[in-house]
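We will walk through it stop by stop.

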Amino acid sequence: PVRISGLSPDASNVAIGASGSLVFVAWVDENNQITYIRSTDQGSNFSAPIILSTPGIPADQPSIAAGNGGKDVYVAWIQDIPGEANRQLFVAHSTDFGVTFPQIIAVPGAARPDIPSIVINETVNKVFIAWREDEHDPPTRAIEFSRSEDSGATFTQPLAVATGNVDRPSLAINEMGSLKLVWRQNDDIFFARSTDQGNTFSVPE
């Protein structure tokens, strides 16, 4: 094992992505910031860490997707809004193999997001993200979904795939571009699919 969190004594909630020989890792550091590093040699060595979230504002729950040989890297996380109970869902995009992230945007319509899961369709440069929304219709939670058709520059308004006592969404995409979404609801695990790039989802099974 290679220790990559340096001297961070309270690292938590780690996420990883990989494409080719590149490896991308993000976690929550002791200051509740999203810390990010990359490796160009399959994890033998890692870069110095950079902070992606806003310094001084608590952030959590990173998720990473990478494609196009590592040229495109997306990191999602949730971040507090100072003085408010609500949170924001941010997505950062790198087009230089994860060296810099000049594009960081907030996904619209996410009021109290948590536990994001992000994937990309690298063939058409579309980005898909799902999360647990705690303010869908209080006190009802929802599993919400949004997509970007312009490489993460803008995102659609959220689509509620499921509502109720839901938690822990996880999103995947296959080589044909079909989206698969699972989540926990009460004491069961549910599944839904989308074969039209996230425009609609099947009835949860």
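Here is a short tour of a sheet, a hairpin and a lysine. The model is predicted, so to speak of local features pLDDT of at least 70 is needed, side-chain atom pairs count only at pLDDT 80 or more, and totals for chains, interfaces and linings use all residues. Residues are numbered from 1 along each chain as its sequence is written, and side-chain values use heavy atoms, with hydrogens and water left out.

**Stop one: the sheet.** Select β5 to β8, which form an open, antiparallel sheet of four strands in the order β5-β6-β7-β8. Strands are DSSP runs of E, at least two residues, numbered from the N terminus, and two of them pair if DSSP finds at least two bridges between them. At the edges lie β5 and β8 (103-106), each pairing on one side only.

Now select residues 59-67, strand β5, where eight of the nine residues are buried (under 20% relative accessible area, 1.4 Å probe, protein chains only). Show side chains to find Asp-60 opposite Ile-78 and Ala-65 opposite Tyr-74. Between the two strands of this hairpin are four residues, and Asn-68 has a positive phi near 55°.

**Stop three: Lys-126.** Move to strand β10 (residues 126-137) and pick Lys-126. Is this lysine, Lys-126, buried or exposed? Lys-126 is buried, at a relative accessible area of 19%. Beyond neighbours within four places in sequence, Lys-126 is in contact with Val-119, Ile-120, Asn-121, Ser-148, Glu-149 and Gln-197, contact being heavy atoms within 4.5 Å.

How values were computed
Buried means under 20% relative accessible area, exposed over 50%, partly exposed in between (1.4 Å probe, protein chains only).
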